Amino acid sequence: MARALRCLEAAFALYFISHIPITLLIDLQPLLPAGLYPQQLTELLTWYATTFRDPMMLQPPAWFKAFIYCEAALQLPFFPVAAYAFLKGGCKWIRTPAIIYSTHVATTLFAILAHILFHDFSTSEHLGPQTLRERLILLSIYAPYLLIPLLILFTMLYSPQYNQVEKRKRK
């Protein structure tokens with residue numbers, strides 16, 4: 001059991017470490033001035049959005065932009081902290097922040113996934129998914145960002161390592 005938890009912690013650390021460059025180099029592009037990023041990064045974002053039919057990244061709706069602001073202001077500062085805690089392993093102090101992070105991200109991803117599945121993209125300026133297959137492909141890109149936070153949440157709630165009640169000595 002301890003070995004399985006340690007593997008989960010390593011996977012969580014990798015998730016948070018990988019999320020730092022993804023956020024800085026890709027996710028924040030819709031919020032920041034166009035000239036701030038090198039042409040190769042803007043071309044990468046355009047390639048991604050065109051290939052996977054994700055118009056939200058090229059011209060985000062206001063609600064999606066709000067989620068990106070949350071990612072920049074709340075999640076990005078948390079990524080190195082969480083990466084450290086999970087790399088070190090057994091850091092009980094990460095439990096509450098990880099629960100807050102994972103519930104926040106799961107909530108935002110639920111809205112994003114519902115939008116991908118049900119929105120009529122035919123009126124979008126940039127090409128969005130039209131067929132069920134295209135919607136499922138785009139969904140599969142976003143899905144890990146729901147599944148991993150849910151796994152973090154369940155680990156923090158149900159793992160004996162993180163869910164131990166400390167007995168305090170009476171004076």
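In this predicted model, ring pairs join Phe-12, Tyr-15, Phe-16, Phe-78, Phe-79, Phe-86, Tyr-101, Tyr-145 and Tyr-162 into a cluster. The structure as a whole holds 15 aromatic pairs. One of them is made by Tyr-15 and Phe-16, whose ring centres are 5.0 Å apart with the planes at 75°, so this pair is edge-to-face. The angle decides the label because planes over 60 degrees apart count as edge-to-face.

The cut-off for buried is under 20% relative accessible area.

Phe-16 also pairs with Phe-86, and here the rings are stacked, with 6.0 Å from centre to centre and 5° between the planes. Phe-16 belongs to helix α1 (residues 2–27) and Phe-86 to helix α3 (residues 62–88), so the pair ties together parts that lie 70 residues apart in sequence. Phe-86, like Phe-16, is buried.

Leu-117, Phe-118, Leu-132 and Leu-136 make a nonpolar surface patch of about 430 Å². Helices α4 (95–118) and α5 (132–142) are the elements that give two or more residues to this patch. Leu-136 is found in helix α5. With a relative accessible area of 43%, Leu-136 is partly exposed, because this class lies between the limits of 20% for buried and 50% for exposed.

Terms used:
Residues numbered from 1 in each chain as written. Predicted model: local features only at pLDDT ≥ 70, side-chain atom pairs only at ≥ 80, totals over all residues. Heavy atoms only, no water. Phe/Tyr/Trp six-rings, centres within 6.5 Å; stacked < 30°, edge-to-face > 60°. Helix = DSSP H or I, 4+ residues; strand = E, 2+ residues; numbered from the N terminus. Buried < 20%, exposed > 50% of the residue type's maximum accessible area, 1.4 Å probe, protein only. Patch = residues over 30% accessible without salt bridge, like charges linked within 9 Å, V, L, I, M, F, W, Y side chains within 5 Å. Areas by Shrake-Rupley, 256 points an atom, 1.4 Å probe, with all protein chains shown as cover. Salt bridge = Lys/Arg side-chain N within 4 Å of Asp/Glu carboxyl O.
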